Amino acid sequence: MNITQALACSKKLEHASDSPKADVELLLCYLIQRSRTFLFTHPEYELSEAEKSQFDALIAARLTGEPVAHLTGMRGFWTLDLEVNAQTLIPRPDTECLVEKALELLPPSAARVLDLGTGTGAIALALASECPAWHLTGVDRVPEAVQLAEKNRARLQLHNVHILQGSWFEPVNDQFDMIVSNPPYIDPEDPHLSQGDVRFEPLSALIAEDHGIADIRSIAEQARAFLKPGGRLLFEHGYDQAVQVRELLALLGYSEIDSGQDLAGNDRITWASWNQS
């Protein structure tokens, strides 16, 4: 089997994936440890018998719905390559919109930023890579997630990040210029939980009570004691939750409340300022 023949296997994935062509390319790059460019400049490259066997196994696993990120153990996010595993959410492109807005809300000069529910460390590490003067703290309740985020931090040599274990604000006693979070926000009854990659991700990182708003409310309530005057709070939330999140923040005394869109044009992130002492 050469690369051209391997790439043609994307047809097998058409009913199992929304991106069969990209899936096969990523699996091939992982398998032969070459770049995507290599696939198209060396179509005649022959896979060894061992590589062909491994490739067939990867395709079979993808046909069952196993996420590509779990099969390769890596996921690209922002400008970083992050290790992933089944104990955390797979970082998604829409979350890069939260990173982009966070970078707009604060200048690159010295600042303290808290990332709640850090998972792989994706948000904290992306911000740290862009703003070396910022001091980032990432918090996660799950020990395996903390270990993974710390492993990513060490591999990327980002020394302005600290990863802590605990539930939301439990392990911190500081005040911050900005608090960011991509918390669980899916309604436990949402039918999408039985579809796609989320079937292989931890439910605890996906669902929240009260139709998905419970964790956002808890963070917003507690954040008031951990934000400096004028500090910013920034959430990723469900595509249909922006109005509810804005109303919640206004009720809790936040100001300068606004929302922004994800890559599909849905209101996916909402931010506010805390201007009370």
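These legends describe close-up views of a predicted model.

**View 1. Helices α2 and α4 pack against each other.**
Two packed helices are described by the angle between their axes and the distance between the axes. For helix α2 (residues 20-32) and helix α4 (residues 49-63), the angle is about 145° and the axes are 10 Å apart. The crossing of α2 past α4 is right-handed. On the α2 side, the contact is made by D23, V24, L27, L28, Y30, L31 and I32. On the α4 side, E51, Q54, F55, L58, I59 and R62 take part. Sorted by type, the residues of this contact are 9 nonpolar, 1 polar and 3 charged.

**View 2. The largest nonpolar core has 30 residues.**
The members that touch the most others in this core are L127, W134, L136, V161, M178, V180 and L234. Helix α7 (residues 122-130) supplies the largest share of the core, with 7 residues.

**View 3. M178 and its contacts from elsewhere in the chain.**
Neighbours within four places in sequence are left aside here. M178 is then in contact with A102, L105, L106, R112, V113, L114, W134, L227 and R232.

**View 4. A86 sits in a loop.**
The loop with A86 runs between β2 (80-83) and α6 (95-105). A86 has a relative accessible area of 41%, so it counts as partly exposed. Along the chain, A86 and H70 are 16 residues apart, and their C-alpha atoms are separated by 6.9 Å.

Conventions: Residues are numbered from 1 along each chain as its sequence is written. This is a predicted model: local features need pLDDT of at least 70, side-chain atom pairs count only at pLDDT 80 or more; totals for chains, interfaces and linings use all residues. Side-chain values use heavy atoms; hydrogens and water are left out. Axes are lines fitted to C-alpha atoms, for helices over the stretch in contact, and angles run from 0 to 180 degrees between N-to-C directions. Helices (H or I, at least four residues) and strands (E, at least two) are DSSP runs, numbered from the N terminus. A crossing is left-handed if the near helix is turned anticlockwise from the far one by less than a right angle, and right-handed if clockwise. Contact means heavy atoms within 4.5 Å. Ala, Val, Leu, Ile, Met, Phe, Trp, Tyr, Cys and Pro count as nonpolar, Asp, Glu, Lys and Arg as charged, and the others, Gly among them, as polar. A nonpolar core is a set of buried Ala, Val, Leu, Ile, Met, Phe, Trp, Tyr and Cys residues joined through side-chain atoms within 4.5 Å. Buried means under 20% relative accessible area, exposed over 50%, partly exposed in between (1.4 Å probe, protein chains only).
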